[in-house]
Amino acid sequence: MRLLSLILAMALSGGCGAVYQSPQVTAGAQVEVVDITEEVVARANSSIYRPRALPSVFDVTAGTGTAPRGSGPVPEGALPLPAAMPSFPTRIPEDVDPGPYLIGVSDVLQLTMPAAGLANDDVSGRFAAQSAGQGYAVQDDGAINIPNVGRVQLAGMTLQQAEALLFQRFAESQVDPVFGLEISAFNARKVSVGGAVAEPAVIPVTLTPLYLNEAVARAGGMALSGQQDGVLRLYRDGTLYQIPLDQYRARADLQRLRLKDGDSLHIDADTDLTRAQAYFEQQIALAQLRAETRETALLELSTEVALRRNELNEARETFRTRADLGAITRDYVYLMGEVAKQSRYPLPFEQQASLADALVGAGDGVPIITGDVSQIYVLRRHASGVTAWRLDGRNAANFTLAPRFEMRPGDIIFVAEQPITRWGRVLSQLTSGSANTSFTRSLD
């Protein structure tokens, strides 16, 4: 026991060179120890340092290619647009059956009633008199106004439906429901005919079907010289239908196409359909050529961009490989003492690194068991000596200064050991066989 006490006393007094010695930071003539505070962080960061820049290949992209590619500009068509040329391809409409006539606004209805034998003869007489004068016009709201009966909505009904409704309303109003109903003026539904005709007209659609040749005839016929070429256009429900006049003249089924309300018929003369067809074929061919040219240009452009991207990726990968092999110049910070792993930490490109970055990123922090958190140093050499910036981690609030303390190339981060750790290491060395032998020889 006395021998162990003597050994410990000599070891701690430094009297034996064979016993464990631990590194420490000691203030002296050329070593200044400064506790890290807010003001000290600003002072330490005031030294100028520009992080190294990445090579230019990391700042560019593959881009979108260089000059335009492909087969060059596409020539304009040789054929001019023919005068009075159809705007749409020739199209024949389907035959339609619009069904029974529906009463509409502005139609005039003739209402007749007998005028004898009933108590309401005077009222019936008034109906007959008014009907004989001008009838009942369907007003904007779709109704007619009948004395002693009121307004009756008839728009959108067939004659049979209108008669049934009037019978019901007359019975409800105690008026003799014996009457006749017909349409005396068809104003609601029309077909217009214009262009190369003798008399452009608006032709009403009535109870009987209206066919294409009848509409042309009511407009005075076509105003064409002989068998002059032309085109017959039919606008229906937003769609344009076109029939060359030579086909119209040759086919009875085209002449008997049934028209319906809203149709607009227009006849164009002097239209060179052959020339128009050639013009359209030319335009289609040019459009296809432009599409093929564009596709070729896009393919060439994609190839160029892909090659450029591969070049950039290869250059970047080469740089990373050289960096891993240590073949490029880097700035480092060194971690020593009681850190999880003594190593060097490369300062990042194009941005500042902090004390916290280096401790956590490279040294994996300070070991709680062996490291002395009250003695975390940043050693930085300058012209007049060394400054040891000390971070006292016993107050955990001081760790908030670490992310703001900037690293400089060549800085050494040193963490001292716990006093108990130093004791443990001394005892471990003394109790080992080699240490005992060395110490015994020193006593001899």
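This is a predicted model: local features need pLDDT of at least 70, side-chain atom pairs count only at pLDDT 80 or more; totals for chains, interfaces and linings use all residues.
1. Basis. Residues are numbered from 1 along each chain as its sequence is written, and side-chain values use heavy atoms, with hydrogens and water left out.

2. Overall fold. The protein has 11 helices and 18 strands, taken as DSSP runs (helices H or I, at least four residues; strands E, at least two) numbered from the N terminus. Of its 444 residues, 35% count as buried; buried means under 20% relative accessible area, exposed over 50% and partly exposed in between, with a 1.4 Å probe and protein chains only. Among contacts (heavy atoms within 4.5 Å) with a separation of 6 or more, 68% are between residues 24 or more positions apart.

3. Salt bridges. The count comes to 17, a salt bridge being a side-chain nitrogen of Lys or Arg within 4 Å of a carboxyl oxygen of Asp or Glu. One of them joins Arg43 to Glu32, with the closest N and O atoms 3.5 Å apart. Arg43 belongs to helix H2 (residues 38–45) and Glu32 to strand S1 (residues 31–35), so the pair ties together parts that are 11 residues apart in sequence. Arg43 is partly exposed at 43% relative accessibility, and Glu32 is partly exposed at 36%.

4. A loop-to-loop pair. Asp261 forms a salt bridge with Arg189, the closest N and O atoms being 3.6 Å apart. The pair links distant parts of the chain, 72 residues apart: Asp261 is in the loop between strands S12 (258–259) and S13 (264–269), and Arg189 in the loop between strands S6 (180–185) and S7 (190–195). Asp261 is partly exposed, with a relative accessible area of 34%; Arg189 is also partly exposed, at 22%.

5. A buried pair. In the salt bridge between Asp411 and Arg380, the closest N and O atoms are 2.8 Å apart. Asp411 lies in the loop between strands S17 (385–391) and S18 (412–417), and Arg380 in strand S16 (residues 371–382), 31 residues apart. Both Asp411 and Arg380 are buried.

6. Helix H2. Val40, Val41 and Ala44 are buried in H2. Seen down the helix axis, the buried residues fall within an arc of 105°, so they line one face of H2; the arc is that of the directions from the helix axis to the C-beta atoms. Glu39 and Ala42 are exposed on the other side of H2. The cover over the buried residues of H2 includes S1, S16 and S17.

7. Val193. This residue is in strand S7 and is buried, with a relative accessible area of 4%. Not counting residues up to four places away in sequence, Val193 touches Pro200, Ala201, Ile203, Ala215, Ala219 and Leu265. The C-alpha atoms of Val193 and His266 are separated by 5.9 Å, although these residues are 73 residues apart along the chain.

8. Largest pocket. Its volume is about 230 Å³. A pocket is, on a 1 Å grid over the protein atoms alone, an open set of points where a 1.4 Å probe fits, with protein on both sides within 12 Å along at least five of seven lines; lining residues have an atom within 4 Å of a point. The volume is the space filled by probe spheres set on the points, which are joined across faces, edges and corners. Of the 16 lining residues, the closest to the centre are Pro98, Gly99, Pro100, Tyr101 and Arg189.
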